[in-house]
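Good morning, and thank you for joining.

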Amino acid sequence: MKPELIKENILLEDGRTLSIETGYLACQANGSAVVRMANTSLIATVVVSTEEKKGVNFLPLNIDYREKYSAGGKIPGGFIKREGRPSDEEILTMRLVDRLLRPLFPKIFYKEIQIMISLLSYDINVLPDGLAGLVASTAVYLSGIPFKGPVSAVRIIRMKNLFIINPGIEDVKKSDIDLIVGGSINSILMVEGEMKEVSEKEIIKIIKIAHFYIKRQIKAQINLLKKIKKKSKIDFNIKNNNFFYLKEKFHFLFFDKIYNIYKKFYKKKIRLKKINILLNNIKKIFFNDHIIIHENEIDIIFFEIK
(Lines give C-alpha, C1' and ligand atoms only; values in the text may rest on other atoms or scores of the structure.)
Protein backbone atom coordinates (compact mmCIF):
# COMPACT_ATOMS: atom_id res chain seq x y z
CA MET A 1 0.00 0.00 0.00
CA LYS A 2 1.44 3.35 -1.06
CA PRO A 3 1.93 5.83 1.82
CA GLU A 4 -0.49 8.76 1.68
CA LEU A 5 0.43 12.04 3.31
CA ILE A 6 -2.39 13.51 5.42
CA LYS A 7 -1.77 17.00 6.74
CA GLU A 8 -3.40 19.68 8.90
CA ASN A 9 -2.08 23.25 9.17
CA ILE A 10 -2.44 25.81 11.96
CA LEU A 11 -1.75 29.43 11.02
CA LEU A 12 -0.50 31.52 13.96
CA GLU A 13 -1.14 35.22 14.40
CA ASP A 14 2.55 36.08 13.82
CA GLY A 15 2.43 34.53 10.32
CA ARG A 16 4.17 31.25 11.19
CA THR A 17 2.58 27.90 10.31
CA LEU A 18 2.45 24.82 12.50
CA SER A 19 1.68 21.61 10.61
CA ILE A 20 0.73 18.11 11.77
CA GLU A 21 1.02 15.21 9.35
CA THR A 22 0.73 11.45 9.28
CA GLY A 23 0.54 8.53 6.85
CA TYR A 24 3.92 8.96 5.15
CA LEU A 25 6.56 7.98 7.74
CA ALA A 26 6.64 5.03 10.18
CA CYS A 27 3.51 3.41 8.73
CA GLN A 28 4.13 0.09 10.52
CA ALA A 29 3.77 1.68 13.96
CA ASN A 30 0.36 1.67 15.64
CA GLY A 31 0.41 5.45 15.39
CA SER A 32 2.83 8.02 14.00
CA ALA A 33 2.87 11.77 13.48
CA VAL A 34 5.23 14.49 12.33
CA VAL A 35 5.01 18.07 13.58
CA ARG A 36 6.76 20.89 11.73
CA MET A 37 7.22 24.55 12.58
CA ALA A 38 9.68 26.58 10.51
CA ASN A 39 12.65 24.19 10.10
CA THR A 40 12.08 22.38 13.38
CA SER A 41 10.40 19.02 12.91
CA LEU A 42 9.74 16.06 15.22
CA ILE A 43 8.42 12.56 14.62
CA ALA A 44 6.61 10.46 17.23
CA THR A 45 5.82 6.77 16.88
CA VAL A 46 3.60 4.71 19.17
CA VAL A 47 3.72 0.93 19.46
CA VAL A 48 1.54 -1.14 21.81
CA SER A 49 1.96 -4.81 22.72
CA THR A 50 -0.70 -7.32 21.71
CA GLU A 51 -0.88 -8.94 25.15
CA GLU A 52 -1.13 -7.46 28.62
CA LYS A 53 2.04 -7.49 30.69
CA LYS A 54 1.68 -9.97 33.54
CA GLY A 55 2.52 -9.22 37.14
CA VAL A 56 2.12 -5.44 36.94
CA ASN A 57 -0.46 -3.15 38.51
CA PHE A 58 0.52 0.02 36.66
CA LEU A 59 0.59 1.26 33.08
CA PRO A 60 3.86 0.09 31.44
CA LEU A 61 4.38 3.29 29.47
CA ASN A 62 7.84 4.10 28.12
CA ILE A 63 8.55 7.52 26.58
CA ASP A 64 11.83 8.27 24.84
CA TYR A 65 12.87 11.64 23.40
CA ARG A 66 16.13 12.14 21.50
CA GLU A 67 17.86 15.10 19.90
CA LYS A 68 20.56 13.75 17.58
CA TYR A 69 23.42 15.84 16.20
CA SER A 70 22.12 15.05 12.71
CA ALA A 71 19.07 17.25 13.39
CA GLY A 72 21.44 20.24 13.40
CA GLY A 73 23.36 19.01 10.36
CA LYS A 74 26.33 17.71 12.36
CA ILE A 75 28.08 14.40 13.05
CA PRO A 76 29.93 13.82 16.37
CA GLY A 77 33.66 14.25 15.84
CA GLY A 78 36.62 12.64 17.59
CA PHE A 79 37.24 8.97 18.34
CA ILE A 80 33.69 8.20 19.57
CA LYS A 81 31.13 8.65 16.81
CA ARG A 82 28.16 7.31 18.74
CA GLU A 83 25.92 9.51 20.85
CA GLY A 84 25.65 8.54 24.51
CA ARG A 85 22.96 8.66 27.16
CA PRO A 86 20.14 11.25 27.02
CA SER A 87 21.04 14.77 28.12
CA ASP A 88 19.30 16.49 31.05
CA GLU A 89 17.14 18.47 28.60
CA GLU A 90 16.04 15.28 26.83
CA ILE A 91 15.17 13.59 30.15
CA LEU A 92 13.14 16.62 31.28
CA THR A 93 11.25 16.62 27.97
CA MET A 94 10.44 12.90 28.43
CA ARG A 95 9.05 13.69 31.88
CA LEU A 96 6.96 16.57 30.55
CA VAL A 97 5.35 14.32 27.95
CA ASP A 98 4.85 11.52 30.49
CA ARG A 99 3.18 13.90 32.95
CA LEU A 100 0.83 15.11 30.23
CA LEU A 101 -0.20 11.71 28.81
CA ARG A 102 0.00 9.09 31.58
CA PRO A 103 -3.13 10.14 33.56
CA LEU A 104 -5.25 9.89 30.39
CA PHE A 105 -4.93 6.12 29.89
CA PRO A 106 -7.36 3.72 31.61
CA LYS A 107 -6.20 2.59 35.06
CA ILE A 108 -6.50 -1.08 34.19
CA PHE A 109 -4.80 -0.93 30.79
CA TYR A 110 -1.70 -3.13 31.13
CA LYS A 111 -0.49 -3.45 27.56
CA GLU A 112 3.02 -2.08 27.17
CA ILE A 113 3.19 1.22 25.26
CA GLN A 114 6.31 2.75 23.73
CA ILE A 115 6.30 6.36 22.55
CA MET A 116 9.48 7.32 20.67
CA ILE A 117 9.99 11.00 19.83
CA SER A 118 12.91 12.04 17.62
CA LEU A 119 14.03 15.47 16.50
CA LEU A 120 14.38 15.32 12.71
CA SER A 121 15.60 18.86 12.13
CA TYR A 122 16.36 21.83 14.35
CA ASP A 123 15.72 25.53 13.81
CA ILE A 124 17.26 27.95 16.31
CA ASN A 125 14.08 30.06 16.10
CA VAL A 126 11.78 27.25 17.36
CA LEU A 127 12.65 25.16 20.42
CA PRO A 128 11.51 21.54 19.97
CA ASP A 129 10.46 20.77 23.58
CA GLY A 130 7.31 22.87 23.19
CA LEU A 131 6.21 20.64 20.28
CA ALA A 132 6.94 17.28 21.94
CA GLY A 133 3.59 17.10 23.76
CA LEU A 134 1.66 17.85 20.56
CA VAL A 135 3.43 15.25 18.40
CA ALA A 136 3.18 12.56 21.12
CA SER A 137 -0.54 13.22 21.70
CA THR A 138 -1.23 13.10 17.95
CA ALA A 139 0.54 9.76 17.54
CA VAL A 140 -1.33 8.23 20.50
CA TYR A 141 -4.66 9.66 19.34
CA LEU A 142 -4.20 8.17 15.86
CA SER A 143 -3.06 4.79 17.20
CA GLY A 144 -6.48 3.75 18.50
CA ILE A 145 -5.23 3.15 22.05
CA PRO A 146 -7.92 3.92 24.69
CA PHE A 147 -7.06 7.50 25.57
CA LYS A 148 -8.92 10.48 27.04
CA GLY A 149 -7.41 12.78 24.47
CA PRO A 150 -6.34 14.43 22.37
CA VAL A 151 -4.32 16.92 24.43
CA SER A 152 -1.48 19.26 23.63
CA ALA A 153 1.22 21.48 25.11
CA VAL A 154 2.82 24.77 24.12
CA ARG A 155 5.84 26.73 25.23
CA ILE A 156 4.92 30.38 25.79
CA ILE A 157 7.09 33.32 26.83
CA ARG A 158 6.63 37.00 27.48
CA MET A 159 9.24 39.29 25.98
CA LYS A 160 8.83 43.09 26.06
CA ASN A 161 5.12 42.67 26.88
CA LEU A 162 4.63 40.41 23.84
CA PHE A 163 3.51 36.79 24.16
CA ILE A 164 5.31 34.35 21.85
CA ILE A 165 4.30 30.72 21.23
CA ASN A 166 7.07 28.16 20.64
CA PRO A 167 9.92 30.70 20.75
CA GLY A 168 13.60 30.39 19.82
CA ILE A 169 16.50 30.14 22.24
CA GLU A 170 17.46 33.82 21.96
CA ASP A 171 13.91 34.98 22.70
CA VAL A 172 13.78 32.74 25.79
CA LYS A 173 16.94 34.36 27.16
CA LYS A 174 15.30 37.81 26.91
CA SER A 175 11.95 36.78 28.42
CA ASP A 176 10.66 37.38 31.96
CA ILE A 177 8.08 34.54 31.80
CA ASP A 178 8.86 31.14 30.32
CA LEU A 179 6.19 28.42 30.68
CA ILE A 180 5.30 25.06 29.18
CA VAL A 181 1.55 24.58 29.54
CA GLY A 182 -0.28 21.32 28.80
CA GLY A 183 -4.01 20.86 28.63
CA SER A 184 -7.13 19.29 27.18
CA ILE A 185 -9.85 21.12 25.29
CA ASN A 186 -11.64 21.88 28.59
CA SER A 187 -8.90 22.29 31.21
CA ILE A 188 -5.25 22.82 32.07
CA LEU A 189 -3.40 19.62 33.00
CA MET A 190 0.15 20.80 33.61
CA VAL A 191 2.15 24.01 34.05
CA GLU A 192 5.93 24.18 34.37
CA GLY A 193 8.40 27.00 33.93
CA GLU A 194 10.04 30.03 35.49
CA MET A 195 9.41 33.75 35.77
CA LYS A 196 10.78 36.94 37.35
CA GLU A 197 8.41 38.13 40.09
CA VAL A 198 5.11 38.43 38.26
CA SER A 199 1.60 38.78 39.67
CA GLU A 200 -1.08 36.10 39.79
CA LYS A 201 -3.16 38.05 37.26
CA GLU A 202 -0.27 37.94 34.79
CA ILE A 203 0.14 34.18 35.27
CA ILE A 204 -3.59 33.59 34.74
CA LYS A 205 -3.48 35.74 31.60
CA ILE A 206 -0.56 33.84 30.05
CA ILE A 207 -2.12 30.46 30.89
CA LYS A 208 -5.37 31.54 29.19
CA ILE A 209 -3.42 32.57 26.08
CA ALA A 210 -1.57 29.24 26.10
CA HIS A 211 -4.87 27.35 26.45
CA PHE A 212 -6.26 29.18 23.43
CA TYR A 213 -3.44 27.76 21.28
CA ILE A 214 -3.71 24.34 22.94
CA LYS A 215 -7.38 24.17 21.91
CA ARG A 216 -6.46 25.04 18.32
CA GLN A 217 -3.88 22.26 18.27
CA ILE A 218 -6.39 19.78 19.69
CA LYS A 219 -8.95 20.69 17.02
CA ALA A 220 -6.24 20.15 14.38
CA GLN A 221 -5.65 16.62 15.76
CA ILE A 222 -9.38 15.88 15.60
CA ASN A 223 -9.54 17.14 11.99
CA LEU A 224 -6.49 15.05 11.09
CA LEU A 225 -8.16 11.88 12.40
CA LYS A 226 -11.31 12.66 10.38
CA LYS A 227 -9.22 12.74 7.18
CA ILE A 228 -7.88 9.21 7.75
CA LYS A 229 -9.90 6.67 5.78
CA LYS A 230 -8.83 3.52 7.65
CA LYS A 231 -8.81 4.21 11.39
CA SER A 232 -7.04 1.80 13.74
CA LYS A 233 -8.60 0.71 17.02
CA ILE A 234 -7.17 -1.35 19.85
CA ASP A 235 -9.79 -3.36 21.70
CA PHE A 236 -10.05 -2.70 25.39
CA ASN A 237 -12.96 -3.65 27.58
CA ILE A 238 -13.34 -4.12 31.31
CA LYS A 239 -13.71 -7.88 31.34
CA ASN A 240 -15.58 -7.93 34.64
CA ASN A 241 -19.00 -6.29 34.60
CA ASN A 242 -18.97 -6.45 38.40
CA PHE A 243 -15.80 -4.33 38.68
CA PHE A 244 -17.52 -1.20 40.03
CA TYR A 245 -19.65 -3.25 42.41
CA LEU A 246 -16.47 -5.03 43.49
CA LYS A 247 -14.83 -1.68 44.21
CA GLU A 248 -17.70 -0.53 46.43
CA LYS A 249 -17.85 -3.84 48.31
CA PHE A 250 -14.10 -3.90 48.82
CA HIS A 251 -14.10 -0.36 50.20
CA PHE A 252 -16.98 -1.12 52.56
CA LEU A 253 -15.48 -4.34 53.97
CA PHE A 254 -11.75 -3.67 54.10
CA PHE A 255 -11.05 0.07 54.22
CA ASP A 256 -10.93 0.17 58.04
CA LYS A 257 -8.61 -2.85 58.23
CA ILE A 258 -6.12 -1.30 55.81
CA TYR A 259 -6.38 2.04 57.59
CA ASN A 260 -5.66 0.45 60.99
CA ILE A 261 -2.48 -1.23 59.72
CA TYR A 262 -1.08 2.12 58.59
CA LYS A 263 -2.40 3.95 61.63
CA LYS A 264 -0.31 1.84 64.04
CA PHE A 265 3.02 2.83 62.42
CA TYR A 266 4.55 -0.63 62.27
CA LYS A 267 8.11 -1.05 61.08
CA LYS A 268 8.34 -1.47 57.31
CA LYS A 269 8.88 -5.27 57.25
CA ILE A 270 6.09 -5.92 59.74
CA ARG A 271 3.72 -3.57 57.89
CA LEU A 272 4.40 -5.23 54.51
CA LYS A 273 3.90 -8.68 56.04
CA LYS A 274 0.52 -7.67 57.51
CA ILE A 275 -0.54 -6.01 54.26
CA ASN A 276 0.35 -9.12 52.21
CA ILE A 277 -1.53 -11.40 54.62
CA LEU A 278 -4.60 -9.15 54.42
CA LEU A 279 -4.36 -8.94 50.61
CA ASN A 280 -4.17 -12.73 50.22
CA ASN A 281 -7.16 -13.19 52.53
CA ILE A 282 -9.14 -10.63 50.53
CA LYS A 283 -8.36 -12.41 47.25
CA LYS A 284 -9.50 -15.75 48.67
CA ILE A 285 -12.83 -14.24 49.75
CA PHE A 286 -13.56 -12.66 46.38
CA PHE A 287 -12.34 -15.62 44.32
CA ASN A 288 -14.60 -17.91 46.30
CA ASP A 289 -17.53 -15.61 45.50
CA HIS A 290 -16.63 -15.83 41.74
CA ILE A 291 -16.64 -12.04 41.46
CA ILE A 292 -13.06 -11.63 40.21
CA ILE A 293 -12.16 -12.38 36.61
CA HIS A 294 -9.03 -10.26 36.09
CA GLU A 295 -6.10 -11.23 38.33
CA ASN A 296 -5.11 -7.61 38.90
CA GLU A 297 -8.55 -6.24 39.82
CA ILE A 298 -8.04 -6.58 43.59
CA ASP A 299 -4.52 -5.11 43.33
CA ILE A 300 -5.87 -2.01 41.58
CA ILE A 301 -8.50 -1.33 44.23
CA PHE A 302 -6.17 -2.25 47.07
CA PHE A 303 -3.43 0.15 45.99
CA GLU A 304 -5.96 2.95 45.43
CA ILE A 305 -7.13 2.64 49.04
CA LYS A 306 -3.60 2.19 50.36
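The largest cavity has a volume of about 60 Å³. By cavity I mean a set of points, on a 1 Å grid over the protein atoms alone, where a 1.4 Å probe fits but cannot get out; lining residues have an atom within 4 Å of a point. Grid points are joined across faces, edges and corners, and the volume is the space filled by probe spheres set on the points.

Please keep in mind that this is a predicted model, in which local features need pLDDT of at least 70 and side-chain atom pairs count only at pLDDT 80 or more, while totals for chains, interfaces and linings use all residues. Residues are numbered from 1 along each chain as its sequence is written, and side-chain values use heavy atoms, with hydrogens and water left out.

Which element supplies the largest share of the lining of the largest cavity? It is H1, with four residues. Helices (H or I, at least four residues) and strands (E, at least two) are DSSP runs, numbered from the N terminus. H1 and H2 each supply at least two residues of this lining, and among the lining residues are Thr93, Leu96, Asp129, Ile180 and Met190. By class, the lining has seven nonpolar, two polar and one charged residues. Here Ala, Val, Leu, Ile, Met, Phe, Trp, Tyr, Cys and Pro count as nonpolar, Asp, Glu, Lys and Arg as charged, and the others, Gly among them, as polar.

The structure holds two cavities of 30 Å³ or more.

Four strands form an open, antiparallel sheet in the order E8-E7-E9-E10; two strands pair if DSSP finds at least two bridges between them. Strands E8 (162-165) and E10 (188-195) are at the edges with a single partner strand each, so one side of each is left without a neighbour in the sheet. Seven bridges join E9 (residues 177-183) to E10, and Gly183 stands opposite Ile188 in E10.

Helix H1 (residues 88-101) packs on this sheet, touching E7 (152-159), E9 and E10, where contact means heavy atoms within 4.5 Å. The direction of H1 makes about 150 degrees with that of E10; axes are lines fitted to C-alpha atoms, for helices over the stretch in contact, and angles run from 0 to 180 degrees between N-to-C directions. Helix H2 (residues 129-143) also packs on the sheet, touching E7 and E9.

Notes
On a 1 Å grid over the protein atoms alone, a cavity is a set of points where a 1.4 Å probe fits but cannot get out, and a pocket is an open set with protein on both sides within 12 Å along at least five of seven lines; lining residues have an atom within 4 Å of a point.
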